[in-house]
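I opened this notebook to record what I looked up in one structure. The entries follow the order in which I consulted the model.

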Amino acid sequence: MAYGQHQSFYLRDRWLSKGIKNLMEDERFFYNKDSFEIIGLGKNMLQSLRFWLIATRIVQEKFNGEQKKVHHVTQLGQIIYRFDRFVRFYDTASILHYELTKEREPATAWYWFFNVLPQQSLSKEELLQLFVEWVSREEKREISVKSLKRDIECLIKLYTAGQTTFDPEEVIQSPLYKINLLEETNGMVRKRDGNIQNVGVTALMYALLDYRERKGVETIAVDEIVTEEGLWGRIFNMNRSTVVNALEILANHPVYRISFTRTNNLDTVKLPSISAMGYLQ
C-alpha cells in the first residue's frame, strides 16, 4: 500500500489537462529535466501531479523496451481529455473520485476513508488515530505517522477546497469539491450523504459497469451496491433509499437500461451489455 505520494498538494482544477497534454507529446515527460518549467509547476507539484494522474487511473505507468519508466494515457484519460479536460461536469469529478477510492492502491488513505471507516463524523485527531491504527494492523512495515497525517490533511482538502469563497487559501479549487461528499467545520470532519444530482447518473452507471468487469459478475444485488467496498453505498456514501432511487432512474435510460429481478427475495440488478468505457464514450 502507498502513502504520502502527493507531496501534500491536493489535485488542482487544470492539472489533469496539463499532464495529459504533455504526456501525449512525450511519454517520458516526467523524467525530463525541464518538465517543471514547461508545465509551469514547482518540482514537488510536478511529482504530485504524477501521483494524481496515476491514482485516478488517467495514466498508467509502465516500462518501455529500454526498461525505462513511461506514462501512457489510458482510455479513460483520453475520453476525459476529449470531452471534459477541465472537469466541469459533476459526473467527471465523480468518476475520478470512484477511480481514486475503489481499490487499496495507489491511494490507500482514500480507499480506507470511504470503504473501511464506518464513522460518519469525527475530529481530525480521531480520524488520524483510526487511520494509524488501521495501517499498523494491515502493514508489516512501519509507516511514518507524519506521512499518514499528510494523507489525511490532503484528503480533506481534496474534497473541501472550493466549498467556501471567503478563505483566501481556498482560491485554488479542487475539481472534486463539487460532488460535496465531505465537509470540515471547526476541526470536525463529516461525510455527507451522496446526492444523485451531485454524483451524476452517468458516473453511477460507470461504477456499476466497471465493478462488473473487475469482479467478473453479470448481476449485482442491491444489498451489495449498498454495502460492498467499491460500490455506491461506500464510495458515494449513499443510503439504500438513494441507491434504489438511482437504480430506478437507470432502469429508464433511453439506450442502456438496467433491469431488476427477484430471486429468493433478493433484489438484483442486471446490467446492459456494454463496457464501462463504451458507455462513457
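**Entry 1: Helix 7**

I looked up what the buried residues of helix 7 touch, and found that they pack against helix 6 (108-116), strand 3 (121-123), helix 8 (145-160) and strand 5 (188-191). Contact here means heavy atoms within 4.5 Å. Helices (H or I, at least four residues) and strands (E, at least two) are DSSP runs, numbered from the N terminus.

I noted that this is a predicted model, in which local features need pLDDT of at least 70 and side-chain atom pairs count only at pLDDT 80 or more, while totals for chains, interfaces and linings use all residues. Residues are numbered from 1 along each chain as its sequence is written, and side-chain values use heavy atoms, with hydrogens and water left out.

The buried residues of helix 7 are Leu-127, Leu-128, Phe-131, Trp-134 and Val-135. They lie on the same side of helix 7, because they cover an arc of only 130° around the axis; the arc is that of the directions from the helix axis to the C-beta atoms. The face turned away from that buried side carries the exposed residues Glu-125, Ser-136 and Arg-137. I use buried for under 20% relative accessible area, exposed for over 50% and partly exposed for in between (1.4 Å probe, protein chains only).

**Entry 2: Helix 1 and helix 4**

I next looked up how helix 1 (residues 15-25) meets helix 4 (residues 75-84): they pack at an angle of about 115°, with their axes 10 Å apart. This makes helix 1 roughly perpendicular to helix 4, a term that covers angles of 65 to 115 degrees. Axes are lines fitted to C-alpha atoms, for helices over the stretch in contact, and angles run from 0 to 180 degrees between N-to-C directions. On the side of helix 1, Ser-17, Ile-20, Lys-21 and Met-24 make the contact, and on that of helix 4, Gly-77, Gln-78 and Tyr-81.

**Entry 3: Backbone details**

I found a cis peptide bond from Glu-105 to Pro-106, with omega near 5°. Pro-106 is placed in the loop between helix 5 (90-101) and helix 6.

Gln-7, in the segment before helix 1, has a positive phi of about 60° although it is not a glycine. Gln-7 is partly exposed, at a relative accessible area of 34%.

Asn-180 is likewise not a glycine, yet has a positive phi of about 60°. I located Asn-180 in the loop between helix 8 and strand 4 (182-185), and its relative accessibility of 23% counts as partly exposed.

Key: Parallel < 35°, antiparallel > 145°, perpendicular 65-115°, else oblique.
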